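Please work through the following exercises with the sequence and the model at hand. Each task is followed by a stepwise solution.

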Amino acid sequence: MMSLESTSRAPRWGIRIVGVGTVALILALAVLLPGLVALLILGALIAYLLDPAVQHLERRGFNRTAAASMVFAGLSLLVISVLIVLVPAVVAQFDELLTLDVSRATATFESMNVTINSWIGKLGLEEVDLLDSLLTYLGERIPSIIAVLPDALSFIGSLALFPFIIFFLLKDGRMLKKTTLLLVPNNYFEFSLGLLFKMDLQLGNYLRGQLIEAFVVGVLSIAALWILDVPYFLPVGIFAGAANVVPYLGPSTGAITAVIVILVSGGSPATAVLIVVLFILIQLLDNGIVQPLVISRKIKMHPLLILVSVVAGGQLFGFLGLLVAVPVIAILKVFIVESIGYSRRYRFQPG
Amino acid sequence: MQNRHFGSEVTPMSGFWSNIFLSNPKKDSTLDLLKTIPVFEDLNSRELQAVERILYRRTFSPGEIIFRQGDPGVGMYMLGEGEVEIRSEPDHVVLTTLGVGSFFGEVSLLNEVPRSATAAASTECVLWGFFRPELMDLIERRPKLGVKILLHLAQIAGKRLVAVDVELRDMRIRDSEVR
C-alpha cells in the first residue's frame with residue numbers, strides 16, 4: 001500500500017512522465033525484443049485465463065500468493081504429465097513422418113500429377129510437373145528455414161522465463177492493474193476503470209471459451225483420425241485443435257493438413273474424403289453444441305481482419321505471433337469499440 | 001438550496017442531504033476511516049483490511065472535478081482529507097459541502113446509473129475510491145464479505161427511499177397548504 005500511496009503523492013507532471021515513459025518502453029521493447037514481447041503477451045493471456053481458478057481457491061480461504069502457487073503447481077504438473085505421456089508418441093510419429101517412404105510419396109504425387117494433367121489437358125492448358133514444382137519450392141525455402149535456427153535457439157532460451165512470467169502475472173496481476181490505473185490522470189480515471197471492467201466482461205468469457213473449444217476440437221480430431229487409422233494422428237490432431245483458435249482459416253487448415261498427410265503416406269482418396277466429412281462433422285458439432293455452451297458472447301471479426309492479423313503476427317513475432325494474433329486482435333477490437341462507445345457517455349475536461 | 005462557490009467553509013447539511021452524505025469525524029488511518037463508513041459497518045479487522053487492499057487512493061487539487069453529473073457511475077468515494085462540493089448541473093447550485101469521513105456515490109456500486117450530481121474538490125483532497133469492478137471481484141473471491149457489504153448498501157438505499165418518501169410527502173403537504 002505504501003508504494004501506491006507514494007505514487008499518488010507524486011506531482012501530476014511526474015505521473016504523466018512515468019505514464020508516457022512506460023508506454024515508450026513497451027513500444028521500444030516490442031520493436032527491439034519481439035520474441036520476449038510475444039512471450040509476455042502469451043504469458044499474460046494464460047495468466048488471465050487461469051485467474052478464475054486462483055479466485056476459486058481464494059474463495060476457499062487461501063491468500064492470493066498461496067492460490068497462485070497452487071494453480072501454477074497444478075499447471076506445471078499438467079504440462080509435465082502431458083509432455084511425459086504425449087511427447088514420446090508425438091516424436092515417434094514425427095520421426096516416422098520424417099523417414100517417410102519417399103518412393104510411396106513420389107508414387108502418390110505422380111498419380112496426382114497424371115490426374116491433374118489430364119484435367120488440364122482437357123482445358124487446353126500447359127502441363128505442370130507437381131513434384132518438380134514442390135522440390136523447387138522446398139529448395140528455395142530450406143535455406144531460410146536454416147537461417148532462423150539461431151532465432152529459434154534464443155527463443156528456447158527465453159522460454160525458460162515463461163513459467164516465471166506466468167507465475168508473477170497470476171500472483172500480482174491485480175496489483176499491476178491497480179498500479180497502472182494509479183498512473184491515469186484523474187480526468188480519465190473513472191473512464192479507464194469502467195472500460196477495463198467492460199473489456200474484462202467481454203473478453204474473459206470469449207478467450208476462455210476459445211481455449212476450451214480448441215481443446216474439444218483437438219480431442220475430437222485426434223479421435224476421428226485415429227478411428228480412420230490415419231498415420232501421425234496425434235501431431236495432426238493437436239495441430240487441428242490449435243488451428244481452431246483462428247476462425248475461418250483454422251478448421252480448414254486442420255482438415256487440409258490431415259488430407260495431405262493421408263495422401264502423401266499413400267492412403268486412399270476415399271479415406272481423404274472421409275477425413276473431410278469427419279472434419280465437417282466436428283465443425284458442425286463445435287458450432288452447434290460446443291460453442292453455445294462455452295462461449296456466451298462472440299466477438300465478431302471480419303475474415304480479412306483475421307487473415308491480415310495472423311499473417312502480420314507471424315511475420316512480426318514468428319510462431320508465437322501466429323498463436324496470439326487472434327486473441328490480441330479480439331482485445332484490440334473490444335478496446336476500440338468499447339472505448340469509443342463508453343467515451344461518448346463522458347464529458348472530459350481538458351488538462 | 002443556497003448557491004455557494006468553491007473554497008467555502010463546511011456547512012451543516014440539510015436533513016435530507018445529511019442522510020445521503022453522512023459525515024463522520026476525521027480519523028487517522030484508512031482503516032479507521034473505513035470503520036466509520038456505514039457501508040463497512042460490522043466488518044471485522046481482517047475484512048476491513050481486505051477492503052482496504054482494493055481501494056484506490058486519489059488526490060485532487062482545488063476545483064478539480066471528481067465526477068460529473070450524467071457520467072456513468074463506477075463506484076463510491078470516501079473523503080480522507082479536504083473538502084468536496086456536491087453540486088447540480090447546469091446551474092452549479094451547491095447541494096452540500098462534504099468534510100473528512102464523508103462518503104458519496106455509493107449507488108453506483110450497485111448499478112451503472114448516471115451520476116446524479118457533480119462532485120468537485122474545493123480544497124486539496126485525498127479520496128479513497130471503492131469501485132464496482134472491485135466489489136464484483138470481492139463477491140467472487142469472498143462471498144461472505146461481499147454479502148455483508150451488499151446488505152449494508154441495500155440498507156442505505158432503503159433508508160434513502162424512506163427519506164425521499166418523507167420529503168415527497170412534506171412537499172405535497174406544503175403544496176396543498178399553498179393552494
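**Exercise 1.** Determine how many bridges join strand β3 of chain B to β8(B), and in which sense the two strands run.

*Solution.* Strands are DSSP runs (E, at least two residues) and helices likewise (H or I, at least four), numbered from the N terminus; two strands pair if DSSP finds at least two bridges between them. Strand β3 (residues 75-81) of chain B is joined to β8(B) by 6 bridges, and the two run antiparallel. Within this pairing, Trp128(B) of β8(B) has Met78(B) opposite. Next, strand β1 (residues 56-60) of chain B pairs with β8(B) over 5 bridges, in the antiparallel sense. There Val126(B) in β8(B) is the bridge partner of Thr59(B).

The model is predicted: local features need pLDDT of at least 70 and side-chain atom pairs pLDDT 80 or more, whereas totals for chains, interfaces and linings use all residues. Residues are numbered from 1 along each chain as its sequence is written, and chains are lettered from A and ligands numbered from 1 in the order in which they are written.

**Exercise 2.** Explain why strand β8 of chain B is described as largely enclosed by the rest of the structure.

*Solution.* A residue is buried if 20 or more other C-beta atoms, placed from the backbone, lie within 10 Å of its own. Cys125(B), Leu127(B), Gly129(B) and Phe131(B) point one way from β8(B), while Val126(B), Trp128(B) and Phe130(B) point the other way; all are buried. Because 7 of the 7 residues of β8 (residues 125-131) of chain B are buried, the strand is largely enclosed.

Notes: Buried ≥ 20, exposed ≤ 12 C-beta atoms within 10 Å, placed from the backbone.
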